[in-house]
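Thanks for coming, everyone. I'll take the cores and then the sheet. Here is the model.

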Amino acid sequence: MATNTINLSLSPVPSLRLLSPYSPQNAPSLSFYSHFRPPIQLPSISHNTYKYTTATPRSLVIVTAVKTLSDTELVAVPLTAEEFNSKFPSETGVYAVYDKNDELQFVGISRNIGASVFSHLKSVPELCCSVKVGVVDDPDRTALTQAWKSWMEEHIQATGKIPPGNESGNNTWVRQPPKKKKPDLRLTPGRNVQLTVPLEELIDKLVKENKVVAFIKGSRSAPMCGFSQKVIGILESQGVDYESIDVLDEEYNNGLRETLKKYSNWPTFPQIFVNGELVGGCDILSSMYEKGELASLFKK
């Protein structure tokens, strides 16, 4: 029977330093306003990868230098940024995430463990309830992969199962590339085409047939003013499906700016409509966002 082994004479075992949740000095301050790096890409795993026999010489099998997965302390995930600074480091290493039933969900490696755990807490809070952490003192890619591999092998040998988050095709724990943005709508076929319907009627039809419509300066991918950019950011943060129209596009939306001002009786841009009614511009939308009123508005 084939076995998956690594010769220690060729690949020294990385040193894992266990994080103590009660030693803040081991946890450098983590700023949650900075852009953190996503977890390092993990090797693919299948059940056929790991086979174990009692005949394998002990000297050929990787074992964690300091703590095995089972011996590493399980730390409850805190709910505030302040507690993260004292419990989870911004260092490089391996980590294992458990759900509320203490079932292992995912084993990962990261250049910033604290930031990765915080990201998981935001994206899958129901699955990220407690964590085991091992800091790798010599964090080159080979050392990190070996540390991750030793924890994975231990879990698979003990349970016969791969953690759900590490199963092939499971993208729950891996940051996905952003979705392609929707194109902006155009009200006309072009400025040289004679309209058979007045522009005001096209506007009325547009705002009444779409739940959320934002008339902005520029496109949603490249807003041309700070107010439009802020409105797009708020709508994107709410995850709302909305349509956008560039009022500066004179080729396909010729005359839109002046016609829209008369239609809405609102002199400035951007303008946001919800369910056919004008909500207002950037200031009003920002105020509603800060007061937590947008969720109920978009559910109507």
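**Cores and sheet**

The largest nonpolar core in this predicted model has 18 residues. V212, L235 and F298 have the most contacts inside that core.

Who supplies it? Five elements give at least two residues each: β6 (212-216), α5 (226-237), β8 (271-274), α7 (282-290) and α8 (294-299). Helix α5 gives the most, with four residues.

Now take L235. What does L235 touch, once neighbours within four places in sequence are left aside? The contacts are V212, A214, V240, Y242, L285 and F298. Two of those, V212 and F298, are also listed with L235 for the most contacts inside the core.

As general background, nonpolar side chains in soluble globular proteins tend to be buried together.

On to the sheet. The sheet is open, with four strands in the order β7-β6-β8-β9. Pairing is mixed. Which strands sit at the edges? They are β7 (243-246) and β9 (277-280), and each pairs on one side only. The twist averages 25° from one strand to the next.

Look at the pair β6 and β8. These strands run antiparallel, joined by four bridges.

How values were computed: Residues numbered from 1 in each chain as written. Predicted model: local features only at pLDDT ≥ 70, side-chain atom pairs only at ≥ 80, totals over all residues. Heavy atoms only, no water. Core = buried A, V, L, I, M, F, W, Y, C linked by side-chain atoms within 4.5 Å. Buried < 20%, exposed > 50% of the residue type's maximum accessible area, 1.4 Å probe, protein only. Contact = heavy atoms within 4.5 Å. Pairing = 2+ DSSP bridges. Axes fitted to C-alpha atoms, helices over the stretch in contact; angles between N-to-C directions.
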